[in-house]
Each structure stands twice: as structure tokens, then as C-alpha cells.
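Here are my notes for a first look through this one. Keep the viewer open as you read, and take the points in order.

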Amino acid sequence: MPSHDKNDRGAGKLSQYRGVLVPANRRVRIRLAGSNPHQHELKAIVESGAQPLETAISRRSQQQEGADAEMEVRLFTGPRVSGPVGWVPRGLESVVDEALSRLDILGRKQRIPVAIVRKGGLYRVELIMGATK
């Protein structure tokens with residue numbers, strides 16, 4: 001299980017979700033953990049100008065859920081899937097899993113929109129959870 005630098009642990013709050021883990025509003029985001037080692041990949045994605053950016057994550061299996069495995073995130077960047085760009089922060093795996101399930105039930109692609117932002121001179125990946133409402 002990866003351990004992340006204290007400045008690279010991601011961010012998000014369960015208090016931003018209502019009912020069955022539905023985002024309270026369209027502004028809700030989750031910043032991924034563990035993006036520091038993937039700066040080269042993130043820079044290449046930003047410079048390519050690929051849009052829209054969306055997650056390439058699969059729901060956790062019962063075995064992964066039981067082992068409380070972290071969720072690795074890759075991105076769809078147009079026609080290809082990137083290498084790993086980070087991990088869902090600890091404790092927020094159920095929120096992402098529920099969003100993927102909700103998208104599937106609605107008949108939409110199981111992809112969460114993504115924004116890559118610069119913070120402290122480094123690239124960070126933010127999942128736009130509000131778009132999964």
C-alpha cells in the first residue's frame with residue numbers, strides 16, 4: 001500500500017455528500033493523493049491539450065473492498081488511457097465507487113470528469129464529483 005508525502009495525501013470531505021453519497025452541489029471535488037511521482041505524466045497530459053479528461057477507474061471488487069485496497073486512478077485522454085496519476089484519498093473510496101455505480105444506473109459512461117490544476121508548482125488531479133449528481 002503506497003504511503004504518500006504529507007503534501008500529497010489528497011483532499012475531500014464526506015460532509016460534502018448527502019443521502020447515498022450524492023454530492024451536495026456541482027462544485028464538490030476530490031483531489032487525488034499520490035500525484036507527486038506522476039508529475040511527468042501529468043505534464044505530458046496538460047501539454048497535449050487533450051480534452052475532456054475523465055477517469056479510467058473500475059469499481060472495487062468485494063475482495064478489494066474487504067482488504068480496503070486503495071483505488072488507483074488513470075485518465076482517458078482522448079483515444080488513450082494514461083499511466084497512473086494518483087490514488088483516491090483514504091476514506092473516500094466509497095464515494096467514488098458510489099458515483100461510478102450511479103453513472104452506470106443512469107446509463108452513462110462510468111467516467112468521472114477531471115481537472116488538472118497547478119498547486120504549489122506541482123500538478124494535482126481533481127475529480128469533479130459534482131458532475132456525477
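1. A few words first. "Buried" is under 20% relative accessible area, "exposed" is over 50%, and "partly exposed" is in between (1.4 Å probe, protein chains only). Helices (H or I, at least four residues) and strands (E, at least two) are DSSP runs, numbered from the N terminus. This is a predicted model, with local features needing pLDDT of at least 70 and side-chain atom pairs counting only at pLDDT 80 or more, while totals for chains, interfaces and linings use all residues. Residues are numbered from 1 along each chain as its sequence is written, and side-chain values use heavy atoms, leaving out hydrogens and water.

2. Start with helix 1. Gln39, Leu42 and Ile45 are buried there. They sit on the same side of helix 1 because they cover an arc of only 125 degrees around the axis, taken from the directions from the helix axis to the C-beta atoms. On the face turned away from that buried side you'll find the exposed residues His40 and Glu47.

3. What do the buried residues of helix 1 pack against? The answer is strand 4, strand 5 (72-77), strand 8 (114-119) and strand 9 (122-127); contact here means heavy atoms within 4.5 Å.

4. Now look at what follows helix 1. Glycine 49 has a positive phi, near 75 degrees. Proline 52 is in the loop between helix 1 (39-48) and strand 4 (53-56).

5. Next, the largest nonpolar core, which has 27 residues. Such a core is a set of buried Ala, Val, Leu, Ile, Met, Phe, Trp, Tyr and Cys residues joined through side-chain atoms within 4.5 Å. Helix 3 gives the most to this core, with five residues. Ile30 is among the residues with the most contacts inside the core. Leaving aside neighbours within four places in sequence, isoleucine 30 touches residues including Tyr17, Pro89, Val96 and Leu127.

6. Last stop: lysine 133, in the segment after strand 9. Is lysine 133 buried or partly exposed? Lysine 133 counts as partly exposed, because its relative accessibility is 41%. A polar atom of the lysine 133 side chain lies 3.3 Å from the backbone oxygen of alanine 24.

Terms used
A polar contact is a pair of N or O atoms within 3.5 Å; within protein, one must be able to donate a hydrogen and the other to accept it, and residues adjacent in sequence count only if both atoms are side-chain atoms.
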